[in-house]
Every structure is written in C-alpha cells, then in structure tokens.
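I open this notebook to set down what I looked up in the structure, entry by entry.

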Amino acid sequence: MKKRLVLSTLILLLAISCAFGQDVRYNFDKDTNFSKFKTYKWVILKDAPTANDLVTKQLKDAVDAELATKGLTKMDDDTANLFIGYQAGVGQEKQFTSFSSDWGYGGGSYRGGWYGPGGGMTTGSTSTIYVGQLVLDMYDSANRDLVWRGVASKTLDSKAKPDKQQKNLAKAVKKLLKNYPPAVKS
C-alpha cells in the first residue's frame, strides 16, 4: 500500500512538472505606446541563431496566427510598424552578442530603398540562448528600438516527434503572446 502511494505521488508530480514545463517570460519598454502598432514584418536578426527552415515556418505560422487575433497585419515591406525577429537554441547553448540596425541588408543611409553604402549601427548585447529556448524580439520600425522581448524555455526539442514539436511550439507562442500588447498602467 505504501509503495502504491509513493508511486502515485511520483506519477502525479511528474504529470504536474510536464504540465508546467514551459517557462515563458517577457519584457517591454514601458514608455512605448503599443496601440500604434498595427502592422509587422519578419526580419532576420544578423548573426542570431535560428532553427531549420521547417521549424522557422512553423514558428512564423504560429506567431502570425496569434498576432492576427490581436489585430496586427503581416506585411512584406518596410512600411510595417514593427519588425519581428527570433533566435532559437536548438542544438547546443548559443550566444548572441550583437545586432546591427541594418538587419543584414547592408549598412548606411536611406536612399530610396533599404540602405545604401555606409556604416550601419551595431549595438552590443549579450544574451545566452539555451537549448530548447525561443526568443521573440519586436522592434519599433520608426527608430529600430527593441520594444518587446519574449522568451520561452523548453519549447524546441529536435528529438521530439514532428507532431509534438509543432504542438509545443504553438503552445509556447500562445503563452508567449498572451500578454501582448502589454496592459497600459495609469
């Protein structure tokens, strides 16, 4: 009887730990008016670790679906209000140490397209991306400032079956964007 109680308790604890396995955190610029953001564009963060093409597509589809429920529209041009990029730790511990405001399109001044020749601005920032971790960044396109960052742990597992991977990713994105846009506090 005692062994059954111990075994039942262990199974219950395991089930609870699996249910709360994903850890989701976010941070944002409290001075940003998030109600002005109506459109967004996906960008590639220079030198940021990413997942394979299939996981990237699944991630973007999940984020696109969640942002649509929040009234945001995806665009493919630079007139979008938000630029969104991501980083992922899928193999081993990754470290992202800087990003460039030219988003990998070349640096310099605006000349009727993205950027012409010249020096882009690179901002130093060190953050460690752990295995299975997803980081979603949102930048105000007007001044290219980071305005929102969400981090979901225990999200990406390259050893899991494809259905499980997609389910975990969709669940993490839903949890990650649950409090987006951040509530306005008076």
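How many bridges join E2 to E3? I count 2 bridges between E2 and E3, and the two strands run parallel; pairing here requires that DSSP finds at least two bridges between two strands.

Entry on the ground rules. I am working with a predicted model, in which local features need pLDDT of at least 70 and side-chain atom pairs count only at pLDDT 80 or more, while totals for chains, interfaces and linings use all residues. Residues are numbered from 1 along each chain as its sequence is written, and side-chain values use heavy atoms, with hydrogens and water left out.

Entry on the overall make-up. I find 3 helices and 8 strands in the protein, where helices (H or I, at least four residues) and strands (E, at least two) are DSSP runs numbered from the N terminus. Read from the N terminus on, the elements follow the pattern α-β-β-α-β-β-β-β-β-β-α. Of the 186 residues, 39% count as buried; with a 1.4 Å probe and protein chains only, buried means under 20% relative accessible area, exposed over 50%, and partly exposed in between. I also looked up the contacts (heavy atoms within 4.5 Å): among those between residues at least 6 apart in sequence, 75% join residues at least 24 apart.

Entry on the sheet. I traced an open sheet of 6 strands with mixed pairing, in the order E1-E8-E7-E4-E2-E3. Its edge strands are E1 (23-28) and E3 (73-74), each of which pairs on one side only. On the parallel side of my notes, 3 bridges join E2 (residues 39-42) to E4 (residues 82-88), and Tyr 40 stands opposite Leu 82 in E4. Tyr 40 also has a bridge partner in E3, namely Lys 74. Looking along E2, I see Thr 39 and Lys 41 point one way and Tyr 40 and Trp 42 the other way, and all are buried.

Entry on the antiparallel pairs. E1 and E8 pair in the antiparallel sense over 6 bridges, and there I noted Asn 27 opposite Arg 149 in E8. E7 and E8 also pair in the antiparallel sense, over 7 bridges, with Leu 136 standing opposite Gly 150 in E8. The hairpin of E7 and E8 has 4 residues between the strands, and Arg 144 takes a positive phi near 60° in that hairpin.

Entry on the helices. H2 lies across E2, E3, E4 and E7 (134-140), and runs at about 175° to E2; axes are lines fitted to C-alpha atoms, for helices over the stretch in contact, and angles run from 0 to 180 degrees between N-to-C directions. H3 (residues 162-176) packs on the sheet as well, touching E1, E7 and E8 (145-153), and its direction makes about 135° with that of E8. I then picked out Gln 58, whose place is in H2 (residues 53-69). Is Gln 58 buried or exposed? Gln 58 counts as buried because its relative accessible area is 16%. Leaving aside residues up to four places away in sequence, Gln 58 touches Gln 166 and Leu 169.

Entry on backbone exceptions. Most residues other than glycine have a negative phi, and most peptide bonds are trans. Asp 47 is not a glycine, yet has a positive phi of about 65°; I place Asp 47 in the loop between E2 and H2, and its 63% relative accessibility is why Asp 47 counts as exposed. Arg 144, also not a glycine, has a positive phi of about 60° and lies in the loop between E7 and E8, but Arg 144 is buried because its relative accessible area is 18%. The peptide bond from Tyr 180 to Pro 181 is cis, with omega near -5°, and Pro 181 lies in the segment after H3.

I looked up the second largest pocket, which has a volume of about 160 Å³. On a 1 Å grid over the protein atoms alone, a pocket is an open set of points where a 1.4 Å probe fits, with protein on both sides within 12 Å along at least five of seven lines, and lining residues have an atom within 4 Å of a point. Grid points are joined across faces, edges and corners, and the volume is the space filled by probe spheres set on the points. Of the 13 residues that line this second largest pocket, the closest to its centre are Thr 32, Phe 34, Pro 182, Ala 183 and Val 184.
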